[in-house]
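Hi everyone, thanks for coming. I'd like to walk you through one structure today, chain by chain, and then stop at a few spots worth a look on the screen.

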Amino acid sequence: MYIHDLVPPSDLERLVLAPLAPGGLAGSPNDVARSGRFPAPLLTVVEEGVALRDGLLSGLTGVHIAGYPAALLIGGGRAPRLESSFSSDTEHNLRMLFRHLPDPGVNIRRVIGTGGVSCAVAFVESAARPEVVQAVTDWAGRMSAQEPRMPLWRAALGSVRLPPAVECTVPTTAAAALQKGYIFVAADHLVTPLLAPTTLELLLDGPHDAALPPAVRRLVLWPRLFAVAVGLLLAAFLIAVTAYHHSLVPGPFLVAIASSRQNAPFPIVLEMFIVAFIGDAAEAASMRIGKAQLALVPWIGVTLAVIGAMQVGILGPLTGFASVVAVVVRDTLPSRALGRTVRIWRYFFMAAAAALGMYGMTLLVFAALIYLGEERFFAHSVRFAPDSVAS
Amino acid sequence: MTRPRISPRQLWVVVLGSLLTTAFYTFPRAAAMATSTAAPWAILLSGGLGFLLFWPVVAKLARHPGKNLVDLAVIAGGRPLAIATALLLGGFFIGSAGISVRQVSEMVVTALYPHTPQTFAMTSLVAVGALGAAASPGGAIWVGSLFVWPMLFAIGVVCVGNLGWGQFRNVIPMSGHGLLPVALQLLPLTSYLDPLVYMAVFCRFIVTPRHLVRQAAYAVGIAVAAWAAVILLYQMVFPLPGGLDVQFPVFDMSRLVQGGRYLERIDALWVFSWTFGSASRLSIALLATALLFQDAFGLPDHRRAVLPLTTAILSFALFPSNQAGAVNFETYDLRQWGFVLVLGLPLAIAVLARIRQKKAWQPPETGGNLDA
Amino acid sequence: MRKRTAALLAALAILLTGCWDMTGIEDTVYAASVAVDAAGDEYTWTFRLVQAEKLVLGMLAAVPGDPGRLASGFVSVRSPSLEQAVHMVQPSLGRILSLEHVRSVLLSEEVARKGVNPLLSQMLRNTQLRSGLSLQVVVGEATGPPLNSRPVADTNAIKYIESIRLVQKRFHMSPPVQLQHFYTRLMAPGADPIAPLVAVNTTARRPPGSEVPATEGRSFRAGELPRAGANPVETLGTGVFRGDRLAGLLTVDETQGLLALRGEMGKVYASVPDPHEPGTRVTLRFHQENKPAFRVAFAGGKPVVHVKLQFEGEVLSVPGGTDYTLPQNRRVLERETSDFLQQETFVPLFKRVYNEWGADPVGIGQLFRSRFPTLDAWLAFAWPEHVQDLGATVEVDLFIRRFGMLLGNPKFD
């Protein structure tokens, strides 16, 4: 096994390999480690190629003593453990990508965006379409660390559309996507790298789906679609049912709702909007906390669920139920981009349900599907994967 | 831009979904009226007969990738025949789509929102349908292909929710009961297979239409089986002669389905799936007609035909003065002779084209992009 | 992109101008049942309106519920049609009256005997009423049961009415008939509809433990049970229709015989004379083993039918002391009980319902359909005119399979 097989050529010059004469370090790597000449935390013996590769990629120095099968890693504490996910460092992200995709056909283009932002665009030449690559590269070149100033209404309208690229947190997903023709975009100002162009397949993929057999992946798709439908339509459905289609609710349950709403200050439609807005506002606030507090994010979700459960008692069974389910469903969607889109779109569905009940919801679902069928990012249709025959 | 490409499976799923939604509103009652004795058998036989009538058309097109019915018409009788085909077939599609829109809006206004103006319900449905047609053909067909699954699911749940074991004796079998009347009334039932013509129009987008005949057989087979099941169920739930009085047959069946502890009387959910189906069928029918006009008249883009055709659909929808008039118009006027247009005309064109086939196909005179 | 946005916005704009039929749950009052009495050429419509705020819901009840009374109020109005009645009630209500959750319609005996066709057609045409509601015939005035109902364990009117159907399906003492079933039987050329009977039992108004009349081996209808206390309203027996007019009333035993002929009997309890101990009665639980087998024919131009019924029985009580687990005793019991059922239940049932009333609640006419080549020929035969000429023979087979938890019949000296 050669070191070239483990590390991309562009990184080789950053590594130090020190072949030492037998006299300098006598004995096997284990003997050297136990000899006490070097502080134990600085030395690690590795006997597997993977551990050696991980150590070298994390910046440690590797020492191989001729004649012995093991190697020494110098400079680290315990055996280095690489993060298994992407970060905001472009080079680290590229290294992670290569680690999972040792494909000689991987190309990288370095682009300097607006304001000096350094971006890297990676793709597999045999899989990606040239016009898509060019479009993504042009888009990366227009990237800027500062978000452009624009009126709030325009920003709101813009967020109605799907984003052109989807965040990717797990290298295995990125590797699998690149082999299907997607383009990997990394830049220092991005929290996580992106995969372009956005497609429905990418939005519905989970972080660890690459490890699943294809048949299981297809099966897993259906509960996710159901979760998307629930997140999008549940509040609207409840509005439609309580405002237009009372016959849908079972009689005893209906009377219980009527009983609980005798002294309600707001109509139920307004309550649904208020609850949804409060939930979204709290979640948006949670996005602004720093990295150090990122570990708190799951707890915020739990807190919101508890608040939702309390709302069941205060506002009534329906609105509380809707808010709890909405929080849970949103947080379990596989893609953050999809979660954001669902969060915004559901207000429109709630408005349509408030206007025309189930009929209005149906019409808007149809319009949404037309949009999904027609939207194109980087000359590629949203509805198909890049390697699909249809377009 | 390149011509949109669709898979054969997408196409037959579009055709299947259109076949299912075509018949959902009045078919059970209309079929019961047509045969009055052995409707399920008549439907099964008519499906076979319809497929046989249409098979030469798809078989001819399946051998020539990139060609559609208008190209066949040009071969068969030149540009005038192509224009006549577009006008006749387009007229039928517009008429049946208009009646379908009328039926859905009547159901919405009568059964769900009695105080809503009917023109509002009608125009809103036509607006989204036109939106779908105005999308690119690839996008419109993709959207249309999504709705076969909710339609099949809706049929399944209606069957399960209304099945009463032991009620089969309400359904009169064929043997010994009006075999001749059943046989005589098969042909009008084949007019419900008009979505088959979509295959002849959209097949231009398929990369290799080699399996077109098989896809047509799948679409007809599944649709006919579903129709027969719904008719059988309908005659169990609303036996003749009382079943002829029901305004919206399958909707009324859905009103009997009790969902259980958390949902009951799930008819509003059926409006959900049927409005889907109607909007998708409307947009596909409009798209097919627009493409026919584009090819026949040499328009640069199919979207130029969408607005005038939408206006025509609305006019047809308002044409009958009441719901009973709409049902009678569809059953006795449109569907009684529709098979001549939707099956007879393409068959005649295919036969003529075979007789007059030139050694090499002439490229069509239209020069524009289909997906501008 | 702009055009697409504009198109989507236009579509949205269409949707945002709706809201014509929006009605909140708190702005609606739901009718749980409708009672219809005759009033000359018109009808008196009595609506039971659910009072949601009186329902007990944990900590949320505004007013504590009153056990033994359904949380509902009543309003009556006279009008020729249901929709007009609703409109006449509206001005006195502070909410929108909704019929979407009506669970039962009660018709007085007088209305049923006049003919239910005018009522049925308007109920089926109504978009709010559901065809799954229960249709019941009241012995006496239709307002009697709603106004006198005092259920032991319910306060929710809708749930109470639903639970009546649960009891009907479990014990088969009255048929659970929905509007949909009534309509399809009415429209079918070879069958007639039936409906359960409801009545107020005046004896039951006495406090529990009071003296009540003896049973004397009689079979009862709604309103006749010898009991005291609990809900005075009871559902028992069947009303048989000829066409759309009520032809006659059946007791509980006759109802169970009718259900057996329809193949819907399920499990019923009956007491039959003990063949070895005259004067005492053996209690058996009967279960219909197979659907009834019919053979129809024309004899001398008249329709005849032979029906074979099979039951299996479980011996529950033998006060006389005979050991019916012994095969010879069991065979005697089986034979005597079969004859008893044939002579005392089924043959009189056919005579009364078919030959006297001219009604066909079993649907035997449907079986004659196969004797005609086309539907039109069958319709031209006009089966309702030949019902009273029907000759029926009944064969009953009983197999006693179970004997409860005891073998033999121990004597305690």
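**A walk through three chains**

Let me start with chain C. Keep in mind throughout that this is a predicted model. In chain C, the centres of domain 1 and domain 2, taken over C-alpha atoms, are 31 Å apart. The contact between these two domains draws 13 residues from domain 1 of chain C and 18 residues from domain 2 of chain C. On the domain 1 side, strand 8 (233–242) and strand 9 (245–250) of chain C each supply at least two residues. Strand 8 of chain C gives the most to that side, with 3 residues. By residue type, the side of domain 1 of chain C that touches domain 2 of chain C splits into 7 nonpolar, 4 polar and 2 charged. If you'd like the bounds for your own display, domain 1 of chain C is 24–250 and domain 2 of chain C is 265–413.

Staying in chain C, let's zoom in on one residue. C:Val198 sits in strand 7 of chain C, residues 194–200. Is C:Val198 buried or exposed? C:Val198 is buried, because 30 other C-beta atoms lie within 10 Å, and 20 or more is what it takes to count as buried. Which residues does C:Val198 contact, leaving aside its neighbours within four places in sequence? They are C:Leu106, C:Gln136, C:Val138, C:Pro145, C:Ala222, C:Val233 and C:Thr235. For a sense of distance, take C:Tyr354, which is 156 residues from C:Val198 along the chain; their C-alpha atoms are separated by 23 Å.

Now over to chain A. Chain A holds 15 helices and 10 strands. Of its 391 residues, buried ones make up 40%. Looking at contacts in chain A between residues at least 6 apart in sequence, 71% of them join residues at least 24 apart. Chain A is divided into domain 1 (3–74), domain 2 (90–197) and domain 3 (221–381).

How do domain 2 and domain 3 of chain A meet? Here, 14 residues of domain 2 of chain A are in contact with 10 residues of domain 3 of chain A. On the domain 2 side, helix 6 (130–141), helix 7 (152–160) and strand 6 (166–167) of chain A each supply at least two residues. Helix 6 of chain A gives the most to that side, with 5 residues. The make-up of the domain 2 side is 11 nonpolar, 1 polar and 2 charged.

Chain A also has a sheet I'd like you to see. It is an open sheet of 5 strands in the order 4-5-7-8-6, with antiparallel pairing. Its edge strands are strand 4 (106–112) and strand 6 of chain A, each pairing on one side only. Strand 4 of chain A pairs with strand 5 of chain A, residues 118–124, in the antiparallel sense over 7 bridges. Within that pairing, A:Val111 has A:Cys119 of strand 5 of chain A as its bridge partner. Helix 8 of chain A, residues 171–180, lies across strand 5, strand 7 (183–187) and strand 8 (194–196) of chain A, and helix 8 runs at about 60° to strand 5 of chain A.

Next, the place where chain A touches chain C. Here 31 residues of chain A are in contact with 29 residues of chain C. On the chain A side, helix 10 (214–243), helix 11 (251–260) and helix 15 (336–374) are the elements that give two or more residues. Helix 15 of chain A has the largest share, 12 residues. That side of chain A divides into 21 nonpolar, 8 polar and 2 charged residues.

A quick stop at chain B. Its secondary structure comes to 15 helices and 0 strands. Of the 372 residues of chain B, 62% count as buried. Among contacts in chain B with a separation of 6 or more, residues 24 or more positions apart account for 85%.

Last, the cores. In soluble globular proteins, nonpolar side chains tend to be buried together. The largest nonpolar core in this model has 334 residues, and those with the most contacts inside it include A:Ala236, B:Met199 and C:Val36. Leaving aside its neighbours within four places in sequence, A:Ala236 is in contact with A:Arg346, A:Phe349, A:Met350, A:Ala352, A:Ala353 and A:Met361. There is also a second, separate core of 7 residues, with A:Leu52, A:Leu60, A:Leu72 and A:Leu73 among them.

Note on methods: Residues numbered from 1 in each chain as written. Chains lettered and ligands numbered in written order. Predicted model: local features only at pLDDT ≥ 70, side-chain atom pairs only at ≥ 80, totals over all residues. Contact = placed C-beta atoms within 7 Å. Helix = DSSP H or I, 4+ residues; strand = E, 2+ residues; numbered from the N terminus. Nonpolar A, V, L, I, M, F, W, Y, C, P; charged D, E, K, R; others polar. Domains from an automatic or database assignment. Buried ≥ 20, exposed ≤ 12 C-beta atoms within 10 Å, placed from the backbone. Core = buried A, V, L, I, M, F, W, Y, C linked by C-beta atoms within 7 Å. Pairing = 2+ DSSP bridges. Axes fitted to C-alpha atoms, helices over the stretch in contact; angles between N-to-C directions.
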